[in-house]
Amino acid sequence: MLIKKPDDIKSSEITDKETYLNRRNFMRGAALLATTAATTWLYRELNPPPPVTRPGEKIADIVKPAPAGGFSTDEAKTSFKDITNYNNFYEFSTDKQEVSELAQGFVTKPWSVAVEGLVNKPKVYDLDDLLKLVPQEERIYRLRCVERWSMVIPWVGFSLAELLKRVEPTAQARYVAFETLYDPKQFPGQSGLGTGLDWPYVEGLRLDEAMHPLTILATGLYGEKLPPQDGAPIRLVVPWKYGFKSIKSIVKIKLVEQMPPTAWNLYAPREYGFYSNVNPNVSHPRWSQAKEQRIGEYGLRDTMMFNGYAEQVAQLYQGMDLRVNF
Ligand code: MTE
């Protein structure tokens, strides 16, 4: 996920583009970009996401449980060693193989999660108390990273909808915003020489995505407590989206009306959109997303639409242009 900001790119690296585009074409390109941005903005303004509930209906009434048998894949699980030693967690390091060591000693007790915003019953949950209220289960999910590697992870967690229904989102709530702990004393990356990301790491989902029974908050893996490098003590897992949506070490969940900012979109909006659904047909501007490297396997696999969860989630995006809403 190492990318360059326009400011970081040396002029020598863009000479090709300049000689290739004469000034007239360049101006045309700029005009087209401006039009595309304006169209996207207009589309969003005219098409806010629909309310999740109908008048008179409560969020609790529409929470769908996972079907009997759950959503777990029966594909071979990635080893515990790989899951816990190859991590993206920029608060610790940008080097995936260094995170596990740096994360040892991360203090996760006591831990609270504030659930607030457009809700009738805002509450700061002590994590231990919360875990007594919500049923925990194992979910074996694929995780596909935008960098083209993938894993199969046996999470322990609970449906995010179970938590949201307790705080009763109001009818105005359209999105859910998430925030990671901000603590430069514990997270060297938050004060070290810039990764370019703004801290704290933030993410967001549309309310209907957040309420989907596939979406979980994970507190463990392989039947054990979540290791710090994987986002202890509580992280989001949205298996049909690129891994960066699955924000780690969450301290705040806020229900809001407008689409919230997200860490990677703030950093490079052309490269990382709000939706970030796994889509083999829409390339990242600098690489194809058609194939992936399953960690621990030889050769490449074909990436599946919505990471293989199309049957469960495709209807959430009906009528949307997934090239515009990438
Ligand atoms: N959450 C925070 N707070 N900081 C991060 O750097 N990295 C994301 C996501 N959540 C990240 C984060 C990315 S890019 C990926 S691919 C997944 O976490 C990786 O999760 P894993 O290390 O458990 O495989």
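Mentor: In its side chain, K248 has an N or O atom that is 2.7 Å from an oxygen atom of the ligand, a polar contact (a pair of N or O atoms within 3.5 Å). The model is predicted: local features need pLDDT of at least 70 and side-chain atom pairs count only at pLDDT 80 or more, while totals for chains, interfaces and linings use all residues. Residues are numbered from 1 along each chain as its sequence is written, and side-chain values use heavy atoms, with hydrogens and water left out.

An N or O atom in the backbone of Y90 lies 2.7 Å from an oxygen atom of the ligand, and a polar backbone atom of S246 is 2.9 Å from a nitrogen atom of the ligand. On its own the ligand has 540 Å² of accessible area, and the protein covers 100% of this; such areas come from the Shrake-Rupley method with a 1.4 Å probe, and for residues only the protein chains shown count as cover. Around the ligand there are 16 residues, of which Y90, E91, D230, R235 and K248 come nearest.

Now the wider setting. The protein has 10 helices and 12 strands, which are DSSP runs numbered from the N terminus (helices: H or I, at least four residues; strands: E, at least two). Five strands form an open sheet with mixed pairing, in the order β2-β1-β10-β5-β6; two strands pair if DSSP finds at least two bridges between them. β2 (123-126) and β6 are the edge strands, each with a single partner, so one side of each has no neighbour in the sheet. Within the sheet, β5 and β10 (residues 250-256) pair in the antiparallel sense over six bridges, and A177 has K254 in β10 as its bridge partner. Helix α7 (residues 160-167) packs on the sheet and touches β1 (112-117), β2, β5 and β10, a contact being heavy atoms within 4.5 Å.

The loop between β5 (175-180) and β6 (202-206) holds G196. G196 counts as partly exposed because its relative accessibility is 30%, which falls between buried (under 20%) and exposed (over 50%), taken with a 1.4 Å probe and protein chains only. Of the 326 residues of the protein, 48% count as buried.

Definitions and conventions:
Axes are lines fitted to C-alpha atoms, for helices over the stretch in contact, and angles run from 0 to 180 degrees between N-to-C directions. A residue is near a molecule or strand if one of its heavy atoms lies within 4 Å of it. A polar contact is a pair of N or O atoms within 3.5 Å; within protein, one must be able to donate a hydrogen and the other to accept it, and residues adjacent in sequence count only if both atoms are side-chain atoms.
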